[in-house]
Every structure is written in C-alpha cells, then in structure tokens.
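Work through the exercises below with the sequence and the coordinates open. Each task is followed by a solution in steps.

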Number of protein chains: 2
Amino acid sequence: MAERTTKRFKLTIAYDGTMYHGWQVQAKHRTVQQAVEHAIQEIVKHPVRVQGSGRTDQGVHARGQVAHVDVVSHMGSKSLLNALNARLPTDIRILKAVRKKGFFHARKSAISKEYRYFVWNGELALPDKRLYMAHIHQPLDLAVLRDAAKRFVGRYDFASFVANPSREVFSTVRTVTDFTVTRKGREFCFRVRGEGFLYKQVRSMVGFLLRVGVGGEPPEAITELLDTHLPRTERVPSATPNGLFLWRVWYKGKKQD
Amino acid sequence: MAERTTKRFKLTIAYDGTMYHGWQVQAKHRTVQQAVEHAIQEIVKHPVRVQGSGRTDQGVHARGQVAHVDVVSHMGSKSLLNALNARLPTDIRILKAVRKKGFFHARKSAISKEYRYFVWNGELALPDKRLYMAHIHQPLDLAVLRDAAKRFVGRYDFASFVANPSREVFSTVRTVTDFTVTRKGREFCFRVRGEGFLYKQVRSMVGFLLRVGVGGEPPEAITELLDTHLPRTERVPSATPNGLFLWRVWYKGKKQD
C-alpha cells in the first residue's frame, strides 16, 4: 500500500478569471485560490493552504499559474490531478500535478514569468472574443508596437508603470528579459517575460504601448518615462484585465515539470 | 430632414449563445431574437418583428446570422447600427446594417449558409476555450476526417442526420456543397456549406465525424447511412452546441452587404 505521509505537490493551473475576484483568497469574494483549496480539502479531509507563484487580479486569466500545496495523503500525483479536475468548476483546470521531494516553493523558487496580452483590433469587439481579448478599434501599427515594446527590455526603475508604488516595500526596479508583439489578422499578441513584475506592471506597460500603437504617444516616451522614474500618472493607463493571461512560470532546473 | 417612412434593414449579427435559449423568441426564456427586438423597439418606439435567416439552438453561437426588420424611422443604417450596439448586451453585436429597397427576406432570399464547428483536441478542455469549442480528448485523425467529411458533399436524403424528422414537413433531402476540415495545433475547424440544413443536421454530421475521427466508425459508414436514409439512431450523436457557429448566410447578387 502507498505511504500516508506529508507530500508537497506542484500544481500547474489554467483558469478563466472572468467570474473570480482574482487569485488571492478574500473574505467576501470568490477567488481561484479558494476554489482550489476547497477542492483539495474535500479530497484530503484536512485544511490546506495553496501557495501560488503570485497573485492575478480580478478578471485576469491563467494558462500556467503554478502553486504548491502540502497534503497528508496516500494519493499519487495522477490521482490527485484527476480527483481535483472532477471537483473543480470547468473554468479552472489543473494541467499538471507533480510531487516535489526537494525544496520547492511556488513563489520563492520561481526564476521568471511570462505573461501574454491579447488584443482584438477591429471596429467592434466580437462577442466570442470579448472575455479573452481587449478591444481597440483604432488601427494599431505593428512596426511601431515592436519598436516600442523593445524599449522595456532591460533592468529599469518601473515606478511610472506600477499602479500603487507604496505596496512595493523595497524597490520598483525590475528586469524585463523579452517583450515581443505578433499579429494574426486582427489579433495582436503581446508576450512579456521577466524575473518578476510589480503590481499592474504588465497592464500598465501594455496600456501605454496601446497608446503608442494608435499614435497617441511616440515610442521614445517609454525610454523617457523609464529614465525619469516618476510615479505613474494618467498618462499611463492600465489595459483592461480581460486580455491578460499569466502564461508560464519558470523554475530552476533543466527539466520543467 | 430625413424622411420618416417604413424601411427594411438587413442586419448581420454576431452573438455568444452561451447565455441564450437560442435565436427564436420563447415565452419564458431569454433569446437572441427577443434581445434584438427589444433594443430596436426602444429606439423606434413601435413594436417590431426581427426575422432571422433561421433558428440557432440553445448555446449555439453566430458570427454572421442575418435578419431583417421593418421600422418606421428617419434613421439611416449607420445611426441604427450605433444605437443598437449601444443598447445591446456585449454578447450580441450588430456587425452591419444595410437598408434594402428591393425585395429582401432574411430567410426566403437566402441561397446558402456556412456553419463552422470548432474542436479542442487535447487531454483537458482549456478554461478559455470551453465556451466556444467542443472538447475531444482521444486523438483525432485529420486525414480520416477529411476523407469522411467529403462523403457528405452532394444531394442526399439526410434522414439519418436529423434530430426530429417529423418537424420537416416536406422532405429530408438537402444539398451540402462544401465540407472541409482544417487543423491548427490542437484546434480543429469543420466548415460546412449548403443550401439549407435540417434540424440539428450540422451537429449530427459533426457528431458522427468525431466518432469516425477517433476510430469508432469507418468513413464508409457515412455513405452507407446516406444510402439507407433510415431515421437517426444513437449511432449518430449530436455534437455539443458550444462548438457551433452560424458563420455566414449568402444571398443573391454579386455584392454581399
């Protein structure tokens, strides 16, 4: 018989954030973390805390959020995955469950994160795109967007691109390692990867890029804002949450599981 | 000042069918036709009937449903379009509004229709795909699907592929002019065009194709069922409504508006 002992599992989670008040447990609102904790508790019959790689805001989606959880159970990772998906609502899916025997912490062990932001660039927001893409009706210039996005790559003080700098205790300096923009017909995809992001940093960067892409700001304004690192103003809007996906979280080690 | 007279408008409509009991007005349920009629009535201040090209079932979507409506108004098509989109919920969008001066009837003038059916072929249904794609976890064989789909093209008695033949007063003979299958990664797209379709015919054809695609039936079974034209049995399942889109309706005339 399998051992009944404390085990740590790494969970890779996809969710549709439309109906949730973000990832993080809140007293009065439905959140993704809460839904996953409840499902695990029903299975293992003891209280658990699910530790995510970081928060996502209300309405933001995930294709590859990562979390860890400690459970006392004889279950293997495959049984846990199946039992969880059987209990969770269909807008949350556990894509992978892997037992971690060495040190693993979903937030502390993460070395980088990738977000993707999707935009529908057309006169009207199509009904079947509205929950998973932002909508911009003025034409976006792909070449300008690409030039502009590159300007975010590097180690900068992102003070002008954080929603509430007082929440960041130590520093607003972060490193963005990649920022690309691709287009398929009317769909634009922004991919940004970095060691870690400040509160609403991705939505602020994309919000400003969209202004640049419709000709409302020159691409050089990004370099200027990164150099001055003044607090964020109305000049930098947050892109809407519906277009944003936490796409992937990277950890140390050759093999990603 | 613009004339205040009875005008017929052709409307091209996209909708997310998730929250509706189909197109057709029903006494106790929320339908798309009803939502559009209510919005027009608020604008023109008289009762209207919106005539669609045909029904769509509960949970089925549209990218290009077409309807006509007669209104007494001084409004032009652009003003009507904007006023309608301002009033309608975001899961229904009027893509085009065109005034028709000659004879035009959304159902009677239609010469053909195209439906598209989307399938996510992977182990799990991704949360952000679940409302607009059916989910098949067994691997689908694209070459087999293509061979099988072609067998539906032609003029046949589709009795084995209609949900309730008694609803079809005259005949279950219909013409399918095109049926293609394409694939992008894990997403399969079935495109079918024909002069007109029987009740649940598209979902029955796709339902059977999916059985063929996973090896549960040989492609030859389609030809056999079309030749015998026996009533539909459990051998022919309906594909789920979430993957189906009424994509386009064609009318006579060189220029489509």
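The model is predicted, and the exercises start at the contact between its two chains.

**Exercise 1. Salt bridges across the interface**

Task: How many salt bridges does the rule find across the interface of chain A and chain B?

Solution. 
Step 1. The rule requires a side-chain nitrogen of Lys or Arg within 4 Å of a carboxyl oxygen of Asp or Glu.
Step 2. Applied across the interface of chain A and chain B, the rule gives 6 salt bridges.
Step 3. One of the side-chain pairs that meet in a salt bridge is A:Arg63 with B:Asp128, at 3.1 Å from N to O.
Step 4. Polar contacts are listed separately: 8 residue pairs, both partners at pLDDT 80 or more, are in polar contact across the interface of chain A and chain B.

**Exercise 2. The side of chain A that touches chain B**

Task: Which elements of chain A give two or more residues to the side that touches chain B, and what is the make-up of that side by class?

Solution. 
Step 1. The elements are β1 (5–15), α2 (77–87) and β4 (92–100) of chain A.
Step 2. β4(A) gives the largest share, 4 residues.
Step 3. By class, this side of chain A has 12 nonpolar, 9 charged and 2 polar residues.

**Exercise 3. Extent of the interface**

Solution. 
Step 1. In the contact count, 23 residues of chain A meet 23 residues of chain B.
Step 2. The area buried between the two chains is about 1800 Å², and carbon and sulfur atoms give 61% of it.
Step 3. On the chain A side, A:Leu124, A:Pro127 and A:Asp128 supply 30% of the area that chain A buries against chain B, more than any other three residues.

**Exercise 4. The surroundings of A:Asp16**

Task: Is A:Asp16 buried or exposed, and which side chains make polar contacts with its own?

Solution. 
Step 1. A:Asp16 lies in the loop between β1 and α1 (32–44) of chain A.
Step 2. A:Asp16 counts as buried because its relative accessibility is 3%, and the cut-off for buried is under 20%.
Step 3. Within chain A, the side chain of A:Asp16 makes a polar contact of 2.5 Å with the side chain of A:Thr18.
Step 4. In chain B, the partner is B:Arg130, whose side chain is joined to that of A:Asp16 by a polar contact of 2.8 Å.
Step 5. Leaving aside residues up to four places away in sequence, A:Asp16 touches A:His61, A:Asp91, A:Tyr132, B:Pro127 and B:Arg130.

**Exercise 5. Strand pairing in chain B**

Task: How do β7, β8 and β9 of chain B pair, and what lies between β8(B) and β9(B)?

Solution. 
Step 1. β7 (residues 154–157) and β8 (residues 173–184) of chain B run antiparallel and are joined by 4 bridges.
Step 2. For this pair, B:Arg155 has B:Thr175 in β8(B) as its bridge partner.
Step 3. β8(B) also pairs with β9(B), again in the antiparallel sense, over 8 bridges. Here B:Thr180 has B:Arg191 in β9(B) as its bridge partner.
Step 4. β8(B) and β9(B) form a hairpin with 2 residues between them, and B:Gly185 in the turn has a positive phi of about 60°.

How values were computed
Residues are numbered from 1 along each chain as its sequence is written. Chains are lettered from A and ligands numbered from 1 in the order in which they are written. This is a predicted model: local features need pLDDT of at least 70, side-chain atom pairs count only at pLDDT 80 or more; totals for chains, interfaces and linings use all residues. Side-chain values use heavy atoms; hydrogens and water are left out. Contact means heavy atoms within 4.5 Å. Buried area is the accessible area (1.4 Å probe) that two parts lose on being put together, summed over both. A polar contact is a pair of N or O atoms within 3.5 Å; within protein, one must be able to donate a hydrogen and the other to accept it, and residues adjacent in sequence count only if both atoms are side-chain atoms. Ala, Val, Leu, Ile, Met, Phe, Trp, Tyr, Cys and Pro count as nonpolar, Asp, Glu, Lys and Arg as charged, and the others, Gly among them, as polar. Two strands pair if DSSP finds at least two bridges between them. Buried means under 20% relative accessible area, exposed over 50%, partly exposed in between (1.4 Å probe, protein chains only).
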